[in-house]
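Please read the following walk through a structure with the sequence and the model open beside the text.

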Amino acid sequence: MTWDPSRRLFLKGAGLAAVGIGFAPTTLLTRVAEAAGLGRRVLVQVFLRGGADGLNLCVPYGDPDYYALRPQIALRIGDGVRNLNGFFGLHPALAPLSELYSEGLLALHPTIGNTGLTRSHFDAQDFMDSGLPGDKTARDGWLERVAIQIPGEELTQLVAISSRTPRSVLGPHPDLVLQDLAAFSVRAGSGGGAWSDEAEALLRDVHTAGAGPVHASGREVFGAVETLRTTPALMGGPANGAVYPAGPAGTGLRQAAQLVRADLGTRCIYVNVPGAFDTHANQLAGNNADYAPLAAALFAFRRDLGSLIEDVLLMVVTEFGRTAAQNGSLGTDHGFAHCGLFLGGGVRGGRVHGAWPGLGRGALNEGRDLRYTVDFRDVFLSAARWLGVSDPSVVLPGYAAGPDPGIFY
Amino acid sequence: MRTSGDIAEVMRTLLSSEEFWSEAFGPGKIKTPHEYVLSGLRAVGAEVTSARSLVEARGTVGLAAMGMPTYEALDPTGWSDSGADWIPNPGSHLARMNFALRLVSETIDGISVDIRNLIGNADPGDAAAVTDAVDQRIFAGLLPAEVRAACSRVSASSSLRPAFKVIGVALASPAFQVR
């Protein structure tokens, strides 16, 4: 069944009509009121660490140069590549995403890049997380700057599901960084639940006064523990029969979905996905291993959320793409343009966006890399605008925005 | 600069400067998770027969939970050794506190603790006495008032003696999070 835009409008209209005839359970009323404003929208950023290859993700099977450049590692329709639009196809392991594409909820953009080309993982990741390429002194993150623009100071506005604090959320706005929502509590290990409760109370007291960073951090910890404890929606399992795969994409997106459902005022979620994306050798095996759980996680996320997907804009990014030609180890090296994946009600789905620069010798950057056609910063600003944060000078200071890439509504 | 690089003079200036002494003996730098775990083990005189639960990558009680899985730093520069990069991070901070609590109650695989080394002759059922012992042995008498107050208030319950609770709270407190 295709998902056409008029259906979305119908659902919103139905909500309003239901209010009109006096049938208005509180939750519906709240959702309708918020649907009129932007207060329910959630931006989810999924970061694939390592520089995921775009050419084998969004396969340009219609371009003969692709096959010339990658004689052993290029993918063909016969290998299971799923056609998207007659020129591009999906990596076979990403097959579950075909359905989301047909529904109009998923879009791809295979030529996103960064003017400050760097082939260093650490620099490139930092530049993308701070949104300030070339600036090595930047201390705060772009999502942090987005969150600051949103009224309110709740800890739950900005959440990162990651083992380490990602640079994107660094900064003065409180944020919640954790790996496991359900285990975010004081667990003393013995003495029964009573001792854990008592320890929590005593330690909370110890941190209440005190100006140093440790005390301040402690207050945030206990605030978060309390908030999470009193929100049963966070403890529930996936809805609608969604099944998430094991691994960081699965656990990250499962919890992102819980946060969306829990309605705690969460507006930005960052999911960190380490993996073997840095495919310098044996790329086919690496991609097969990583793309399958990524696709399964995205699919489960959509299924889990049901109609709530309307209020979500999820973007999958990586710090750079990879060289157009294969190397001597059946892999690829650090490149330039990467492919972004976009999912949710905020996305103009069912399309592969962007112009195709081609893979001929003259078309490649430095004779090695697919060129980009859109600066990642314009994608980020567009996403922030969808979220209701429309002052680009605060989100990405000093950047003169280019045209809106048109990926989002 | 006056003495044109005379090392002895430079050292003298450094050692007598305010900044040096405030760094060394002031509020203290925040420990990295690694330092925190090691100092905790030492403070209670723990016997570690297997460090696996502390270092395994998927572990829920050790360094991985604190965001510092051993040898798994992504950057070639390795893990930051500046404590300020580790806190604030609510997940990591909570993991530290849980580590302290579980360490003392001996619910971490491969680690056993005999608190008599720490509390000496103090009666394990007497929270105030144990608090004094901990203050002397671990904090050199500098245990902050609010931590002392919390330690003294631990309840006596049949499942866990006050001594364990006092040590757990002290190690989880901000006082032990800094060097």
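In what kind of link do the side chains of A:Arg119 and A:Asp369 meet? In this model, which is predicted, the side chains of A:Arg119 and A:Asp369 come together in a salt bridge, with 2.9 Å from N to O. This pair joins distant parts of the chain, since A:Arg119 sits in the loop between β5 and α5 (121–130) of chain A, while A:Asp369 sits in the loop between β11 (351–352) and β12 (374–375) of chain A, 250 residues apart. Buried means under 20% relative accessible area, and A:Asp369, at 0%, therefore counts as buried.

Over all chains, the structure holds 20 salt bridges. Another of them is formed by A:Glu103 with A:Arg302, whose closest N and O atoms are 2.9 Å apart. Because A:Glu103 lies in the loop between α4 (97–102) and β5 (106–113) of chain A and A:Arg302 lies in helix α10 (residues 283–305) of chain A, this pair ties together parts that are 199 residues apart in sequence. Both partners are buried: A:Glu103 has a relative accessibility of 13%, and A:Arg302 has a relative accessible area of 12%.

A further salt bridge brings together the side chains of A:Asp404 and A:Arg385, at 2.5 Å from N to O. Here A:Asp404 belongs to the segment after α12 (392–395) of chain A and A:Arg385 to helix α11 (residues 376–387) of chain A, and the two are 19 residues apart. Their setting is partly exposed, with a relative accessible area of 39% for A:Asp404 and of 36% for A:Arg385. Elsewhere in chain A, salt bridges link A:Glu200, A:Arg204, A:Glu226 and A:Arg229 in a network.

The next stop is a sheet in chain A. Strands of a sheet pair through backbone hydrogen bonds, and the pairing may be either parallel or antiparallel. In chain A, three strands form an open sheet in the order β2-β4-β3, with antiparallel pairing. Its edge strands are β2 (58–59) and β3 (82–83) of chain A, each of which pairs on one side only. Between β2(A) and strand β4 (residues 89–90) of chain A, the antiparallel pairing runs over two bridges, and A:Val59 has A:Gly89 in β4(A) as its bridge partner.

Helix α9 (residues 162–172) of chain B has ten of its eleven residues buried, so the helix is largely enclosed by the rest of the structure. Among these buried residues are B:Pro162, B:Lys165, B:Leu171 and B:Ala172.

B:Gln177 is itself buried, with a relative accessible area of 0%. Leaving aside neighbours within four places in sequence, the contacts of B:Gln177 include A:Val214, as well as B:Lys29, B:Tyr36, B:His93 and B:Arg96.

The residues that line the largest cavity include A:Ile112, A:Asn114, A:Leu117, A:Thr118, A:Glu319, A:Phe320, A:Phe336 and A:His338.

How values were computed:
Residues numbered from 1 in each chain as written. Chains lettered and ligands numbered in written order. Predicted model: local features only at pLDDT ≥ 70, side-chain atom pairs only at ≥ 80, totals over all residues. Heavy atoms only, no water. Pairing = 2+ DSSP bridges. Helix = DSSP H or I, 4+ residues; strand = E, 2+ residues; numbered from the N terminus. Buried < 20%, exposed > 50% of the residue type's maximum accessible area, 1.4 Å probe, protein only. Contact = heavy atoms within 4.5 Å. Salt bridge = Lys/Arg side-chain N within 4 Å of Asp/Glu carboxyl O. 1 Å grid on protein atoms, 1.4 Å probe; cavity = no way out; pocket = protein on both sides within 12 Å on 5 of 7 lines; lining within 4 Å.
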